[in-house]
Amino acid sequence: MKCLKLFAAAVVACAASVQMSSKVTLHPVFTDNMVLQQQSQVNIWGTASPDKIVRITTSWNNASYEVRSASDGSWNAVISTPCAGGPYTVTVSDGRNPVVLENVLVGEVWICTGQSNMEMKVGDKVVGMEQEMENASKYGNIRLLHIENRTSPVPNEDVEIRYGGWQTCSGENIYDFSAAGYFFGKNLADSLNVPVGLIETCWGGTYAESWTSAEGLSQMPYFHERLEKVKTLPQSREAREQMFRDEMEQWRTDMTKADNGFKDGVAVWAGTGYDDSSWTDARVPDFLQDQGFGSTSGFFWLRKVVEIPADWAGHELRLELGVVDDNDFTYFNGIELGHTEGCLSWRTYTVPADLVKAGKAVVAVRVMDTGGKGGIVGDAQNIALYKSDSEKIVISGDWKYRFSLGFADAPEIPVNTATEPNYPTFLYNAMINPLVKFRIRGAIWYQGEANVARADQYGDLLPLMINDWRSKWGYDFPFYIAQLANYMTVQTGPEESEWAELRESQVHALHLENTGLAVLIDIGEAGDIHPKNKPEVGRRLALNALALTYGQHISYSGPMYSSYSIEDGKIRLSFDHTDGGLEAAGGKALEGFYIAGADRVFHKAYAVIEGDTVVVSSPDVLFPVSVRYGWANNPVCNLYNGAGLPASPFRTDRW
């Protein structure tokens with residue numbers, strides 16, 4: 001009898017387990033508080049028991065939609081959404097286990113994507129943060145969905161959502177949300193008076209190719225070799241981690257033979273006994289190129305001798321280095337503290353207590369510069385050794401510099417494909433592909449800083465990525481781009497600039513239909529790659545959407561260079577988007593124009609507004625052939641239109 005009872009209990013438990021495991025489930029993007037795109041055919045999908053009828057009922061019209069799950073349990077239903085409104089409920093049932101989604105709105109859904117300037121949250125002390133957090137609860141019709149940062153070598157269907165699902169707008173909830181995205185959505189909500197759903201899927205310091213699918217990137221030969229490597233990678237994160245450890249061990253062995261800073265496997269250039277008196281002085285923080293150094297592409301070393309107080313001996317310390325462009329291996333008294341990749345990552349390392357001795361110590365940084373500018377940058381007062389938050393030794397100032405070897409002489413550094421987002425397709429696979437069935441109105445994009453070393457290539461890559469996403473979604477949704485803001489040392493004369501080239505490549509993407517550009521050349525900060533004026537970023541992106549997507553008759557772009565003519569020793573420039581006429585900000589003389597003749601030597605130009613044109617000349621250029629405007633990392637320029645929107649930087653040449 002006892003055995004029969006145990007058997008019966010087991011059967012009941014098994015049946016209960018089967019019933020629980022067969023419960024109908026929804027893809028993680030479908031939760032309470034969500035926003036569905038209005039007046040659309042919207043996919044809703046998930047899993048159930050195989051060959052099961054799944055019924056979806058929508059409260060806005062009490063309609064029901066039925067689909068049968070496939071042999072693997074997957075199902076997808078297409079439902080019709082009404083005009084903007086709500087709140088509603090959506091009920092999904094397999095006949096016995098209904099899932100009811102509450103507080104559902106129907107409105108406008110936008111993806112907010114890119115790198116750190118899109119990822120920068122409202123809580124990062126953006127302009128007006130306190131007031132925005134105080135007023136956020138008034139925007140209950142704005143809903144937020146935050147995709148967790150993940151990578152994958154293969155396209156994923158599933159995705160991880162931060163905070164478990166959609167959130168209603170509140171001060172607490174916007175604190176951790178994209179500031180540019182939030183202010184974009186707020187402007188839409190104010191102007192359209194409809195619910196707005198914002199999906200944040202972004203990752204700081206990431207390349208555009210990481211956000212592009214394998215099918216898209218296969219059209220660019222530059223990426224073929226890495227795409228082939230992606231195919232060979234294990235899907236298991238643990239296996240990829242082990243692969244990296246093995247490759248890194250071999251690389252370190254190879255580098256100690258190639259890098260002049262090593263002798264018999266020891267980092268002699270990082271040691272306390274090494275004589276660096278023959279090395280060149282260099283400022284930290286600052287890019288080496290801004291100090292008159294030439295190209296640093298390859299590997300170079302920076303050393304700093306620090307005096308450690310007697311009462312610090314035997315204490316664990318914290319080393320703050322700011323940002324290193326691009327990758328670093330950091331040492332204290334000849335012992336490696338750690339390694340970080342990415343030119344936008346803040347470096348923080350722990351110095352073990354047993355390494356901390358009274359007297360002279362050496363901080364050494366071996367930098368891998370992948371192109372463009374190189375060096376240690378950031379706030380000089382925060383580049384320091386810390387015993388505690390209140391006790392520190394500032395180590396900015398004069399360091400010693402020595403170049404070691406170029407890339408042609410160095411073995412290629414391995415990439416940790418278990419954690420590194422900057423690998424072709426990795427972010428598309430994990431953070432975009434799971435969303436492609438979710439109906440959206442469009443996307444806003446703030447990215448490009450990570451691609452400046454290949455600025456010209458970006459002119460092909462960005463349009464290709466946009467087209468790639470549209471092909472995956474199946475329609476040509478609007479795509480609005482935040483142009484890179486001004487950054488680094490303020491321009492003092494004509495200069496070559498990868499940042500200017502990248503901005504030009506972003507303009508090039510406007511040849512695609514249904515695209516727009518928010519010019520930000522006037523709101524950047526010389527010492528911070530993350531400008532705080534995100535309300536204006538969101539507003540200018542929203543102007544594009546309100547005009548181009550929603551048909552409002554408003555000015556949405558500053559002056560855009562269109563053509564030029566050479567007239568009697570001068571160049572006349574014509575512009576589109578001169579709404580309200582051209583003007584110089586503050587009523588000052590026009591600035592930011594440089595002119596060159598056939599010798600390709602640029603001179604500061606005299607520029608005047610004549611109607612909807614600008615006439616540029618210089619007594620140093622008798623026969624001009626080219627003009628550049630705002631062509632610098634951080635240009636001094638002030639051409640606007642009557643709507644108060646700045647002109648995009650441009651050049652008439654392709655030198």
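This is a predicted model: local features need pLDDT of at least 70, side-chain atom pairs count only at pLDDT 80 or more; totals for chains, interfaces and linings use all residues.
Residues are numbered from 1 along each chain as its sequence is written, and side-chain values use heavy atoms, with hydrogens and water left out. Helices (H or I, at least four residues) and strands (E, at least two) are DSSP runs, numbered from the N terminus.

- Most residues other than glycine have a negative phi, and most peptide bonds are trans.
- A cis peptide bond also runs from Asp 325 to Asp 326, with omega near 10 degrees.
- Asp 326 sits in the loop between strand E17 (317-325) and strand E18 (327-332).
- Lys 125 has a positive phi, near 60 degrees, despite being a residue other than glycine.
- You'll find Lys 125 in the loop that links helix H2 (116-119) and helix H3 (129-135).

**Helix packing: H10 with H11**

- Two packed helices are described by the angle between their axes and the distance between the axes.
- Helix H10 (residues 455-473) packs on helix H11 (residues 498-508) at about 25 degrees, with the axes 8 Å apart; axes are lines fitted to C-alpha atoms, for helices over the stretch in contact, and angles run from 0 to 180 degrees between N-to-C directions.
- H10 and H11 are therefore roughly parallel to each other (angles under 35 degrees count as roughly parallel, over 145 as roughly antiparallel, 65 to 115 as roughly perpendicular and the rest as oblique).
- The crossing of H10 and H11 is right-handed; a crossing gets that label if the near helix is turned clockwise from the far one by less than a right angle, and left-handed if anticlockwise.
- On the H10 side, the contact (heavy atoms within 4.5 Å) uses Ala 455, Asp 456, Tyr 458, Gly 459, Leu 462 and Pro 463, which meet Glu 498, Glu 501, Leu 502, Ser 505, Gln 506 and His 508 in H11.
- The residues of this H10 and H11 contact split into 5 nonpolar, 4 polar and 3 charged; Ala, Val, Leu, Ile, Met, Phe, Trp, Tyr, Cys and Pro count as nonpolar, Asp, Glu, Lys and Arg as charged, and the others, Gly among them, as polar.

**Helix packing: H5 with H12**

- Helix H5 (residues 179-192) and helix H12 (residues 534-549) pack at about 50 degrees, their axes 7 Å apart.
- That angle makes H5 oblique to H12.
- The H5 and H12 crossing is right-handed.
- Residues of H5 that meet H12 include Phe 183, Phe 184 and Leu 188, and those on the H12 side include Val 537, Leu 541 and Leu 546.
- Sorted by class, the contact of H5 with H12 has 12 nonpolar, 3 polar and 2 charged residues.

**Sheets**

- Strands of a sheet pair through backbone hydrogen bonds, either parallel or antiparallel.
- E1 pairs with strand E3 (residues 41-47) over 2 bridges, with Leu 26 opposite Gly 46.
- E3 and E6 pair over 7 bridges, and Thr 47 stands opposite Ser 74.
- Another open sheet has 4 strands in the order E33-E32-E36-E38, also with antiparallel pairing.
- Its edge strands are strand E33 (602-604) and strand E38 (650-651), each pairing on one side only.
- Strand E32 (residues 593-596) pairs with E33 over 3 bridges, and Ile 595 stands opposite His 603.

Notes
Two strands pair if DSSP finds at least two bridges between them.
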